[in-house]
Amino acid sequence: MASLELAATYAALILADEGIEITADKILALTDAASALEGKNVKDLLSNVGAGGGAPAVAPKEEEKKEEAKEESDDDMGFGLFD
């Protein structure tokens with residue numbers, strides 16, 4: 001089986017697995033997206049997904065802290081967990 005046929009088969013399987021209608025346009029979109037990975041080590045990309053390297057955490061602004069404190073409790077709404 002040629003690599004293009006195999007790519008189309010995998011694309012159709014992905015669409016079917018997600019419950020999405022299988023059309024030529026959607027198969028082309030998936031195979032075009034897959035071609036962006038050509039020449040890259042996909043195994044390394046997948047293994048580094050959760051590995052740090054992101055932006056450092058930023059402390060919330062004062063406004064955000066005040067908004068969290070204003071949340072209503074269940075007592076204010078007239079019902080609770082064990083009512």
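Guide: In this predicted model, H1 passes H2 in a right-handed crossing.

Visitor: What makes the crossing of H1 and H2 right-handed?
Guide: A crossing is right-handed if the near helix is turned clockwise from the far one by less than a right angle. The crossing of H1 past H2 is assigned to that class.

Visitor: How is a pair of packed helices described?
Guide: Two values are used, the angle between the axes and the distance between the axes. Helix H1, residues 3-17, packs with H2 at an angle of about 110 degrees, and their axes are 9 Å apart.

Visitor: Why are H1 and H2 called roughly perpendicular?
Guide: The angle is about 110 degrees. Angles from 65 to 115 degrees count as roughly perpendicular, and H1 and H2 therefore get that name.

Visitor: Which residues give distances between these parts of the chain?
Guide: Ala34 and Ala7 are 27 residues apart in sequence, and their C-alpha atoms are 8.5 Å apart in space. Leu30 and Tyr10 are 20 residues apart along the chain, with 9.2 Å between their C-alpha atoms. Ala34 is in helix H2, which covers residues 24-35, and Leu30 is in helix H2 as well.

Visitor: Why is Leu30 called partly exposed?
Guide: Its relative accessible area is 28%. Buried requires under 20% and exposed requires over 50%.

Visitor: Which residues form a nonpolar patch with Leu46?
Guide: Leu37, Val42, Leu45 and Val49 form the surface patch together with Leu46, and the accessible area of the five is about 460 Å². To join such a patch, a residue needs over 30% relative accessible area. Leu46, at 61%, therefore clears that cut-off.

Visitor: How many of the chain's residues count as buried, as a percentage?
Guide: Of the 83 residues, 5% count as buried. The chain exposes about 7600 Å², and carbon and sulfur atoms supply 57% of that area.

Visitor: What are the elements of the chain, from the N terminus on?
Guide: They run α-α-α-α. The chain has four helices and zero strands.

Terms used:
Residues are numbered from 1 along each chain as its sequence is written. This is a predicted model: local features need pLDDT of at least 70, side-chain atom pairs count only at pLDDT 80 or more; totals for chains, interfaces and linings use all residues. Side-chain values use heavy atoms; hydrogens and water are left out. Patches are made of residues with over 30% relative accessible area and no salt bridge: like charges are joined within 9 Å, nonpolar side chains (Val, Leu, Ile, Met, Phe, Trp, Tyr) within 5 Å. Accessible areas come from the Shrake-Rupley method with a 1.4 Å probe; for residues, only the protein chains shown count as cover. A salt bridge is a side-chain nitrogen of Lys or Arg within 4 Å of a carboxyl oxygen of Asp or Glu. Buried means under 20% relative accessible area, exposed over 50%, partly exposed in between (1.4 Å probe, protein chains only). Helices (H or I, at least four residues) and strands (E, at least two) are DSSP runs, numbered from the N terminus. Axes are lines fitted to C-alpha atoms, for helices over the stretch in contact, and angles run from 0 to 180 degrees between N-to-C directions. Angles under 35 degrees count as roughly parallel, over 145 as roughly antiparallel, 65 to 115 as roughly perpendicular and the rest as oblique.
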